[in-house]
Structure formats: C-alpha cells, structure tokens
Amino acid sequence: DKPLTVPALAEARAAGRRLAMLTAYDAGFARVLDANGTDIVLVGDSLGMVVQGHASTLPVDVDAMAYHVAAVARGLRRALLLADLPFQADATPERALDAATRLLQTGAGMVKLEGAGPHKLAAIRFLSAREIPVCAHLGLTPQSVLRFGGYKVQGREAAAAAQLRADALAVAEAGAALLVLECVPSALAGQITRASPVPTIGIGAGPHCDGQVLVLHDMLGLDSGHRRPKFVKDFLETGGSVAGAVRAYVAAVREGSFPGPGHAYD
Ligand code: KIV
Ligand code: NA
C-alpha cells in the first residue's frame with residue numbers, strides 16, 4: 001500500500017470509507033498498527049498519562065512529543081503520522097510554528113491542536129498558510145481539564161451544542177483538514193459531521209463520524225488506574241493478540257460496528 005496522504009483523508013470521506021485511527025508512542029506498536037490497516041497513527045499528548053503516568057496531559061512538552069514522534073515514525077510505512085501540539089505549544093502562532101516545524105521535521109505528517117478560541121484559530125490559520133497540515137480537536141479537549149473541572153461530556157446544553165457546531169465550521173474555515181470530536185453526544189457529532197467540510201474522527205462521539213480513534217492502551221484493555229470510559233472497548237479480548245486486536249478494531253470501524261450504542265453518549 002502507498003502512504004496515506006492528507007488529501008487522501010478527504011478522498012476516503014468522499015468514497016464513504018471510514019478512517020481508523022489509533023495512538024502509538026513507540027516504533028514497536030507503530031509497526032503493528034501500520035501492518036494491520038490503521039490509517040492514521042496519532043502520537044497523542046495522552047502519552048503524558050499512559051506512558052509517563054501523569055494525571056493529565058498538561059506536563060507534556062515539545063521535547064517529549066518529538067522523542068515519541070521520532071520513534072513512531074521509524075515504525076510506519078503506510079499510515080499518516082499525526083502529532084499533538086502539547087499544552088501551550090499553540091499559545092501563539094509563532095510558538096505553534098516552531099513546535100509544528102520540529103514535529104514535522106521529526107517525522108509527523110500533520111499536527112493536531114485543541115480548541116477554537118481566537119488564538120487557536122489564529123494558530124490554525126498561521127500553520128495552514130505555511131504548508132503545515134492541521135487537525136483540529138473539539139469537544140472534551142483534555143488540555144482544558146482545569147477549566148472544565150474534570151473530564152466530562154461536552155455539548156449537552158443547547159448553547160454549548162450551538163457553540164460546538166460554530167467552532168467546527170470555524171476550524172475548517174481557518175484551514176484544518178481533519179477534525180477530532182471527543183466526548184460529545186452522538187446526535188450532535190452527526191450534525192457536525194454532516195455540516196463539516198472536512199472529515200471528522202470521533203472518540204466517545206458515536207457512530208456518525210467519518211472515522212474513529214482510541215488510545216492504544218485503552219483498546220488493549222490495559223488498566224489505566226482510572227475508571228474506564230464507556231466509549232472504550234477492549235479489542236484484545238476478542239482479537240487474541242495485539243495484531244489481532246488492531247485488525248478487529250480496524251474492521252469494526254470500517255464496517256461501522258464500533259462504536260456501538262453502548263459506547264456513545266446522548
Ligand atoms: O492524545 C490523544 O491520545 C488524543 C486522542 C484521544 C484523540 O488526543
Ligand atoms: Na491529545
């Protein structure tokens with residue numbers, strides 16, 4: 001298979017082909033994900049929690065991201081490598097450009113940043129105008145945990161839902177080519193997906209998105225020390241091996257059997 005490019009994301013959506021995304025933080029798992037059909041491999045700042053053992057993603061810095069991006073890049077042949085801009089690396093467009101440039105030079109093909117506030121839109125616009133593909137991330141944005149007061153479903157009230165619908169259009173207008181929706185009600189994620197000019201990738205966002213993502217450790221059933229969110233499914237149980245779990249996840253995403261009703265919020 002030839003490498004998956006940024007334009008191929010929109011082509012997949014146009015062809016009605018769902019995108020399967022998973023996180024990875026090292027070359028070994030990246031190789032298994034890549035060999036078993038994963039379209040997008042995300043080096044998420046979730047590494048602060050699942051790899052470094054912190055209680056949130058806030059302690060992750062650009063050095064840590066670059067270290068893991070370099071390792072994951074060595075394990076990939078086909079999948080698109082998406083890398084998170086860590087906490088405050090997108091606080092100004094210039095900082096975002098420095099961080100994103102470093103992650104692209106280390107092996108990423110696209111960077112992701114959370115939110116749609118004025119300076120986030122400015123960062124998306126600034127990067128996109130400088131040949132850096134951007135993925136936006138809305139809904140439960142984990143870097144907002146202090147303001148949210150915890151990890152909670154977003155967009156349940158009418159005003160919050162309207163804001164999310166507007167934000168989804170704004171990030172695409174600013175240049176984002178992909179949009180992650182995290183922990184929002186299924187119906188809202190469906191409305192956003194239908195209105196969005198760019199493909200959506202859901203996590204805890206129901207079955208109507210153009211693709212799905214899970215944290216690798218979650219889909220392998222590793223005990224995180226925290227309560228397992230309802231959108232998580234352990235694919236190792238039925239997959240039988242890490243490669244089998246990835247194949248089962250990719251197949252379930254492609255055919256639309258994951259996420260099921262029990263994995264979604266309303
Ligand atoms: O950091 C991460 O793993 C993420 C996904 C959960 C979307 O941002
Ligand atoms: Na993240």
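In strand β7, I203 is the bridge partner of E182. Strand β6 (residues 178-182) and strand β7 (residues 200-203) run parallel and are joined by four bridges; two strands pair if DSSP finds at least two bridges between them. Strands (E, at least two residues) and helices (H or I, at least four) are DSSP runs numbered from the N terminus. The model is predicted: local features need pLDDT of at least 70, side-chain atom pairs count only at pLDDT 80 or more, and totals for chains, interfaces and linings use all residues. Residues are numbered from 1 along each chain as its sequence is written, while chains are lettered from A and ligands numbered from 1 in the order in which they are written.

**The barrel**
- Eight strands form a closed barrel in the order β1-β2-β3-β4-β5-β6-β7-β8, with parallel pairing.
- From one strand to the next, the twist averages 25 degrees.
- Helix α8 (residues 158-174) packs on the sheet and touches β5 (134-139) and β6, contact meaning that the C-beta atoms of two residues, placed from the backbone, lie within 7 Å.
- The direction of α8 makes about 175 degrees with that of β5; axes are lines fitted to C-alpha atoms, for helices over the stretch in contact, and angles run from 0 to 180 degrees between N-to-C directions.

**Strand β4**
- Strand β4 (residues 110-114) is largely enclosed by the rest of the structure, because five of its five residues are buried; a buried residue has 20 or more other C-beta atoms within 10 Å of its own, with C-beta atoms placed from the backbone.
- M110, K112 and E114 point one way from β4, whereas V111 and L113 point the other way.
- Three bridges pair β4 with strand β3 (residues 80-84) in the parallel sense, and A83 stands opposite V111.
- The β-α-β crossover from β3 through helix α5 (residues 93-106) to β4 is right-handed: with the strands pointing away from the viewer, the path from the first strand over the helix to the second runs clockwise.

**Strand β5**
- Six of the six residues of β5 are buried; V134, A136 and L138 point one way, and C135, H137 and G139 the other.
- β5 runs parallel to β4, with four bridges between them; L113 stands opposite A136.
- H137 is the bridge partner of E114.
- On the β6 side, five bridges pair β5 with β6 in the parallel sense, and G139 has E182 as its bridge partner.

**Ligand 1**
- Residues surrounding ligand 1 include D84, E182 and I203, each counted as near if its C-beta atom, placed from the backbone, lies within 6 Å.

Note on methods. A residue is buried if 20 or more other C-beta atoms lie within 10 Å of its own, exposed if 12 or fewer, and partly exposed in between; C-beta atoms are placed from the backbone.
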